[in-house]
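Subject: Structure for you to look at

Hello,

Here is the structure I said I would pass on. My notes follow below it.

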There are 2 protein chains.
Amino acid sequence: MLFTAQVKVMPLKELLDPQGKAVLSGLQNLHIQSVSDVRIGKHIDLQIEAATKEEATAIASEAAKKLLANPVMEMFEISIN
Amino acid sequence: MLFTAQVKVMPLKELLDPQGKAVLSGLQNLHIQSVSDVRIGKHIDLQIEAATKEEATAIASEAAKKLLANPVMEMFEISIN
């Protein structure tokens, strides 16, 4: 069965996110003032061939740990459809 | 009230995603063979001060249209918590 895994990779809360800060000041220059904080990460869609949802989750998790996320700076979350 | 808007910005389906293709071949080099396709986009968390959920959605949508997504190459989806 073909599963779609959505992996969200975000910078750790403890760390500064310079890209997010740049977008925040960009929004303020556009007079969008109600936004108080911005954090930017990656969204990765994986098409995974697996027998069960659990197997697909395990494969997505292995991919995230080995390649998609840098654990020193980033956390990841996986959801499977 | 403070809302968190999650904006997912992905490359349009019709377009090649060279970053995704590079990650796909990286996964194959790591012997993760069950992944058949990868697409990579951005995930943006916005903290929005608004009276209602509808107002927060409108602000996030304005931000996405004006700054976060390039409509020629990208589509976006908004979800509010």
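How many residues of chain B are in contact with chain A? There are 31 residues of chain B in contact, and they meet 31 residues of chain A. Please keep in mind that this is a predicted model.

The interface

Between them, chain B and chain A bury about 2,500 Å², with 66% of that area on carbon and sulfur atoms. The count of salt bridges between the two chains is zero. Polar contacts are present: 12 residue pairs between chain B and chain A, with both residues at pLDDT 80 or more.

On chain B, the elements that give two or more residues to the side touching chain A are strand S1 (2-11), helix H1 (18-29), strand S2 (35-49) and helix H2 (53-68). S2(B) gives the most, with 15 residues. Sorted by class, this side of chain B has 16 nonpolar, eight charged and seven polar residues.

The strand pairing

S2(B) pairs with strand S2 (residues 35-49) of chain A; the sense is antiparallel and the pairing runs over 13 bridges. To find your place in it, look for A:Asp37, which stands opposite B:Gln47.

Helix H2 of chain B

The buried residues of H2(B) are B:Ala56, B:Ile59, B:Ala60, B:Ser61, B:Ala63, B:Ala64 and B:Leu68. What covers these buried residues comes from both chains: the cover includes helix H1 (18-29) and S2 of chain A, along with S1, S2 and strand S3 (74-80) of chain B.

Regards

Definitions and conventions: Residues numbered from 1 in each chain as written. Chains lettered and ligands numbered in written order. Predicted model: local features only at pLDDT ≥ 70, side-chain atom pairs only at ≥ 80, totals over all residues. Heavy atoms only, no water. Contact = heavy atoms within 4.5 Å. Buried area = accessible area lost by both parts, 1.4 Å probe. Salt bridge = Lys/Arg side-chain N within 4 Å of Asp/Glu carboxyl O. Polar contact = N/O pair within 3.5 Å; in protein donor to acceptor, adjacent residues only side chain to side chain. Helix = DSSP H or I, 4+ residues; strand = E, 2+ residues; numbered from the N terminus. Nonpolar A, V, L, I, M, F, W, Y, C, P; charged D, E, K, R; others polar. Pairing = 2+ DSSP bridges. Buried < 20%, exposed > 50% of the residue type's maximum accessible area, 1.4 Å probe, protein only.
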